[in-house]
Amino acid sequence: MATAATTSKKESWWPLLWGLAAFLAGPHLPYLEAMAPIQESLLLLVPIVAACAIVGWRLGARAALVVIWLTLSLWILLQPAGSPGSQYDVMARGWALLLAASFGLVSLWSEAMPFFTRALFAVGLALGIGFIVALSSPSGIARFEHATDEEFARRVSSSIQLVEDRRSTTEWQDFATRFPTIDAGYDEAEVLMREIPAHTASLLPALLALESLIALGLGWAVYRRLSPIQIGPALGRVMDFRFNDQLIWGLAVGATLCLLPQFEEGRNAGYNLLLFFGILYLLRGTGVLAWMLKGRWLVVFLLSLYPPVYVPVTLALGLGDTWLDLRKRVKTSSP
C-alpha cells in the first residue's frame with residue numbers, strides 16, 4: 001500500500017466557502033438555472049467527498065470520515081434531483097454516482113497524479129460509460145437531450161411564473177406605472193429565458209463535464225481540509241493553471257466538425273468540444289492575465305464584466321500560452 005501524505009500546512013476555509021456558496025447558489029439563479037445540468041449541486045459534491053474519504057481510508061485515514069460521508073451520500077442520492085420519478089431525475093442521480101466512482105477509481109490508480117489530470121480522466125471515464133449507456137438505450141442520445149430540455153424548460157417556467165405572480169400584485173403595478181420601461185425589460189428577459197433551454201440541451205455533455213470538474217475541485221478541497229491524510233497534491237493557484245498542451249487538439253477537432261460541411265452530422269459534437277475546451281483555455285488565459293497583472297484580481301474581475309473584451313483576450317492568452325508559455329520562460333530565465 002502506498003504511503004499517504006499528511007497535511008503540512010493548514011489551508012484556509014474562506015476561499016473554499018466562497019466557492020461552495022457560488023456553486024450551490026449559482027444553478028438557482030435566473031439564466032444559469034437553464035444551463036446547469038444538475039441544479040441540486042450537493043448531489044454531485046457529497047458523493048465526491050465520500051469517494052475521497054474511501055481512498056483516504058485505504059491509505060490510513062479514519063473510518064469515521066467514510067461512514068459520515070457515505071451516509072450523507074446515501075441520503076442525498078435518495079432525494080429527487082428534478083421532477084420526482086422523471087427520466088431526468090434518474091439521469092442526474094446516476095451521473096452523480098458514476099462520477100464519484102470514476103474519480104475514486106482514478107485516485108486509487110495513482111496517488112501522485114495531479115488533481116486536474118485525474119479529474120479529466122474521471123470525467124472522461126464517466127462520459128464514456130454514459131455514452132455507452134445512452135447509445136444502448138431506446139432512442140439513444142436524443143432521449144437524454146429531450147429529458148434535459150424538459151427539465152430546463154420546467155425550471156424556466158417556474159421562475160417566470162414566480163415573476164408573473166409578483167407582477168400581478170398592486171404594488172408592482174404601481175411601480176411599473178412610475179417606471180414604464182421596467183415591464184418591457186422583463187418581457188424581453190422572459191423571451192430570452194424561454195429560448196435558452198433549446199440551445200443548452202444539445203450542449204449537455206460539455207456543460208455536464210464543466211460542472212463536474214468544478215464539483216470535483218470543490219470536493220477535493222473539502223476533503224483536504226477535513227482529513228490529515230492526503231490522497232494527492234493540493235490544488236494550485238489560478239495564476240499557475242496550465243494543462244497538457246495536447247488538449248489543443250480538442251479545440252482543433254471541435255472546430256473541424258463545426259466548420260467543414262463534410263462533418264455536418266457531427267456538428268453538435270463539435271459545439272460541445274469547442275465549449276468544453278474553450279472554457280478550459282479561457283481559464284488558462286485568466287491565469288496568464290492574472291500573472292501579467294501580478295495578482296491584481298480586482299482588475300481581472302473588472303475586465304470580466306465586459307465579455308466582448310475579456311473573452312477574446314483571455315482566450316488568445318490561453319491559446320498562445322500553449323506555444324509561448326511565458327510564465328515558465330520567465331521563471332526559467334530568472335536568477
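The crossing of α9 and α11 is right-handed, meaning that the near helix is turned clockwise from the far one, by less than a right angle. This is a predicted model, in which local features need pLDDT of at least 70, side-chain atom pairs count only at pLDDT 80 or more, and totals for chains, interfaces and linings use all residues. Residues are numbered from 1 along each chain as its sequence is written, and side-chain values use heavy atoms, without hydrogens and water.

Select α9 together with α11, residues 267-292: their axes are 7 Å apart and the packing angle is about 25°. Axes are lines fitted to C-alpha atoms over the stretch in contact, with angles from 0 to 180 degrees between N-to-C directions. The two helices are therefore roughly parallel (angles under 35 degrees).

Next, select Ser227, in the loop between α9 (204-226) and β2 (229-230). Helices (H or I, at least four residues) and strands (E, at least two) are DSSP runs, numbered from the N terminus. Ser227 is buried at 4% relative accessible area (buried is under 20%, with a 1.4 Å probe and protein chains only). A polar atom of the Ser227 side chain lies 3.2 Å from the backbone nitrogen of Ile229.

Move to α13, residues 307-323. Its 17 residues reach 25 Å from first C-alpha to last, close to the expected 24 Å (1.5 Å times one less than the number of residues). Buried residues here include Tyr310, Thr314 and Asp321. Just after α13, Asp325 has a positive phi of about 45°.

Finish with Cys52, buried at 1% relative accessible area, and Cys258, buried at 11%.

Technical notes:
Buried means under 20% relative accessible area, exposed over 50%, partly exposed in between (1.4 Å probe, protein chains only). A polar contact is a pair of N or O atoms within 3.5 Å; within protein, one must be able to donate a hydrogen and the other to accept it, and residues adjacent in sequence count only if both atoms are side-chain atoms. Angles under 35 degrees count as roughly parallel, over 145 as roughly antiparallel, 65 to 115 as roughly perpendicular and the rest as oblique.
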